[in-house]
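Hi,

Here is the structure I promised to pass on.

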Amino acid sequence: MERIIIFIVLLVGLLAVTYTDVKGKKIFLPVCMGEMVILLTLNFCWKKGSVFIIIASFGICALFYLVSVATRGQIGKGDAFLFGMTGAGVGLAENLLLIYLTFLFAFAGGLFLLMLKKVSMRDRLPMAPFVLAAYLVLFFTGGG
């Protein structure tokens, strides 16, 4: 039951952020931060919280934030908070797998759109839809 509640909470957040990322090309940070608090609280109330879930959330968020600064926004700062949100829900190992799947899906999606000549090499794709897809794959294959 706890796994389903976490799934629903994280899914609602991912859907909201995906909508804002696709429509406005921005991650809506209040959703990410609110979800991080809710998911961390739920995990700690259910005794599933540990230092690893904090690392999965705040550590990954900080790491991607630094990557965003270092690459001058090639990966957006909002994406850092997005990965922090997913880490708060799924934990460290699953979040690392989710990040891997996200980049794999983004590469495949970008390549597909490039081949169809819908985008150029200079275009930026929203990351949130790929995070959502990766989360759904992870959840329905037994992870997350």
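Predicted model: local features only at pLDDT ≥ 70, side-chain atom pairs only at ≥ 80, totals over all residues.

**The overall picture**

The protein has six helices and zero strands, so if you walk along the sequence the pattern simply reads α-α-α-α-α-α. Its C-alpha trace spans about 50 × 30 × 25 Å along the principal axes. The radius of gyration is 15 Å, and that agrees with the value near 15 Å for a compact globule, because the chain has 144 residues.

How much of the protein is buried? Buried residues account for 40% of the 144. As for contacts between residues at least 6 apart in sequence, 69% of them join residues at least 24 apart.

**Surface and charge**

The accessible surface comes to about 8,200 Å², and carbon and sulfur atoms own 73% of that. On the charge side, I have 12 positive side chains against 6 negative ones. The centres of those two sets lie 9 Å apart.

**The aromatic rings**

This is the part I'd zoom in on. The count comes to nine aromatic pairs, and I'll walk you through two of them.

Start with Phe 83 and Phe 103. Their ring centres are 6.2 Å apart and the planes sit at 35 degrees, so this pair is tilted. Phe 83 belongs to helix α4 (residues 77-90) and Phe 103 to helix α5 (residues 92-115), so the pair ties together parts that are 20 residues apart in sequence. Are the two partners buried or exposed? Phe 83 counts as buried, because its relative accessibility is 0%. Phe 103, at 31%, counts as partly exposed.

Then there is Tyr 135 with Phe 139. Here the ring centres are 6.4 Å apart and the planes are at 40 degrees, so this pair is tilted too. Both residues lie in helix α6 (residues 128-140), four residues apart, which is about one turn of the helix. Tyr 135 is buried, with a relative accessible area of 0%, and Phe 139 also counts as buried, at 7%.

Cheers

Technical notes
Residues numbered from 1 in each chain as written. Heavy atoms only, no water. Helix = DSSP H or I, 4+ residues; strand = E, 2+ residues; numbered from the N terminus. Rg over C-alpha atoms; globule rule 2.2 N^0.38 Å. Buried < 20%, exposed > 50% of the residue type's maximum accessible area, 1.4 Å probe, protein only. Contact = heavy atoms within 4.5 Å. Areas by Shrake-Rupley, 256 points an atom, 1.4 Å probe, with all protein chains shown as cover. Lys, Arg positive; Asp, Glu negative; His and termini not counted. Charge placed at Lys NZ, Arg CZ, Asp CG, Glu CD. Phe/Tyr/Trp six-rings, centres within 6.5 Å; stacked < 30°, edge-to-face > 60°.
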